[in-house]
Amino acid sequence: MNGRTEPSEAETAIARPPLVRELLLVAGLFLVYKFGRQLATGHTAEAFRNADRVWDLERAVRLPGEGSVQHLLLHNDTLVHLANTYYATVHFPATAAFLIWLYLRRPAHYVWARRVLAAVTAAALVVHLAFPLAPPRMSAATGLIDTGRVYGPSVYGPPQTDHLSNQFAAMPSLHFGWALMVAIGLIVATRSRLRRLWLLHPLLTLLVIVGTANHYWLDAIVATAMLGIALVVISLPRRTATATGRGAGKLVPTALDEEAVDEESVLVGAAR
């Protein structure tokens with residue numbers, strides 16, 4: 001964030017949600033999501049059948065081969081190692097830093113962003129359960145290698161013994177969906193003339209998830225579509241003018257200042 005992101009008087013008038021409640025809510029929903037993901041494990045055969053279908057569909061619609069991106073990475077051991085490190089270390093911290101900054105500096109935008117991310121993650125969980133998908137690094141048909149396993153670092157162990165993550169949850173790519181939301185949220189919430197450079201984050205994330213063979217192009221496309229729907233459904237904060245007096249022109253978050261009674265059923269926490 002740069003010096004041109006100072007909060008306006010109107011923004012600071014928006015009350016922040018209680019911190020303890022937010023921490024408990026996010027932590028609780030994170031656990032719900034992690035336990036829910038485990039319901040999708042054990043569908044190995046179906047996940048590999050779906051991988052063949054996705055691969056064939058991409059070729060049928062003439063999407064560029066994922067191998068072209070991986071080939072560029074494999075030209076240099078340091079480059080592929082950096083890509084694996086980016087995949088392993090940037091996803092959660094970047095999203096957490098984004099939400100923390102919004103909470104402290106743009107409370108209205110924080111509530112909006114939190115709900116969008118939660119809605120996308122909840123929808124992703126449904127897709128993970130309904131459509132288990134082996135990533136391209138696991139499919140012999142792709143001809144791609146598992147760069148994390150070969151070059152390191154890797155965030156995954158053997159699927160048979162990895163009980164912390166569902167490796168058959170490739171679609172949609174929440175790595176990409178979250179990165180895109182971070183960029184969109186910062187573009188909306190800041191005023192710098194250079195704020196569109198935040199789009200480099202999802203672009204780099206896309207190249208990394210494809211080049212490391214953790215995701216197909218379609219995983220990112222589906223994540224983008226789901227995020228687009230969430231952004232249409234969940235209202236942005238906007239300025240509304242009060243009639244007269246000192247409160248005129250305050251930033252009032254539409255549908256954000258009243259907590260919905262079923263919020264806990266809509267919000268879902270972190271993801272892979």
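Ala213 sits in the loop between α10 and α11 (217-233); helices (H or I, at least four residues) and strands (E, at least two) are DSSP runs, numbered from the N terminus. Although Ala213 is not a glycine, its phi is positive, about 65°. Ala213 is buried, with a relative accessible area of 0%, where buried means under 20% relative accessible area, exposed over 50% and partly exposed in between (1.4 Å probe, protein chains only). The model is predicted, with local features needing pLDDT of at least 70, side-chain atom pairs counted only at pLDDT 80 or more, and totals for chains, interfaces and linings using all residues. Residues are numbered from 1 along each chain as its sequence is written, and side-chain values use heavy atoms, with hydrogens and water left out.

Arg62 also has a positive phi, about 60°, without being a glycine. Arg62 belongs to the loop between α3 (44-60) and α4 and is exposed, at a relative accessible area of 75%. Most residues other than glycine have a negative phi, and most peptide bonds are trans. Two cis bonds can be listed here. Gly152 and Pro153 are joined by a cis peptide bond with omega of about -10°, and Pro153 is placed in the loop between α8 (147-151) and α9. The bond from Met171 to Pro172 is cis as well, with omega near -5°; Pro172 likewise lies in the loop between α8 and α9.

Helix α4 (residues 66-73) contains Leu72, and Glu66 lies in helix α4 too. Glu66 is buried, with a relative accessible area of 0%. Beyond its neighbours within four places in sequence, Glu66 is in contact with Trp55, Glu58, Arg59, Leu144, Val210, His215, Tyr216 and Trp217, contact meaning heavy atoms within 4.5 Å. Leu72, by contrast, counts as exposed at 55% relative accessibility.

Helix α7 (residues 107-130) has 24 residues and reaches 35 Å from its first C-alpha to its last, close to the 34 Å expected at 1.5 Å a residue. That expected span is 1.5 Å times one less than the number of residues. Of the 24 residues of α7, 17 are buried, so this helix is largely enclosed by the rest of the structure. Ala118 is found in α7 and is buried, with a relative accessible area of 3%. The C-alpha atoms of Ala118 and Ala230 are separated by 9.5 Å, the residues being 112 residues apart along the chain.

How many cavities of 30 Å³ or more does the structure hold? There are two. On a 1 Å grid over the protein atoms alone, a cavity is a set of points where a 1.4 Å probe fits but cannot get out, and lining residues have an atom within 4 Å of a point. Grid points are joined across faces, edges and corners, and a volume is the space filled by probe spheres set on the points.

| Cavity | Volume | Largest share of lining |
|---|---|---|
| Largest | about 80 Å³ | three residues from α5 (residues 77-89) |

Residues lining the largest cavity include Asn84, Tyr87, Ala88, Arg137, Asp146 and Pro153. By class, this lining has five nonpolar, five polar and two charged residues. Here Ala, Val, Leu, Ile, Met, Phe, Trp, Tyr, Cys and Pro count as nonpolar, Asp, Glu, Lys and Arg as charged, and the others, Gly among them, as polar.

The second largest cavity is lined by Tyr86, Val90, His91, Thr95, His175, Trp178, Ala179, His201 and Thr205. Two or more of these residues come from each of α6 (91-105), α9 (174-189) and α10 (200-211). The lining divides into four nonpolar, five polar and no charged residues.

For the chain as a whole, the secondary structure comes to 12 helices and two strands. From the N terminus on, the order is α-α-α-α-α-α-α-α-α-α-α-β-β-α. Of the 272 residues, 47% count as buried. Among contacts between residues at least 6 apart in sequence, 83% join residues at least 24 apart. The accessible surface of the chain is about 13500 Å², with 67% belonging to carbon and sulfur atoms; accessible areas come from the Shrake-Rupley method with a 1.4 Å probe, and for residues only the protein chains shown count as cover.

Definitions and conventions
On a 1 Å grid over the protein atoms alone, a cavity is a set of points where a 1.4 Å probe fits but cannot get out, and a pocket is an open set with protein on both sides within 12 Å along at least five of seven lines; lining residues have an atom within 4 Å of a point.
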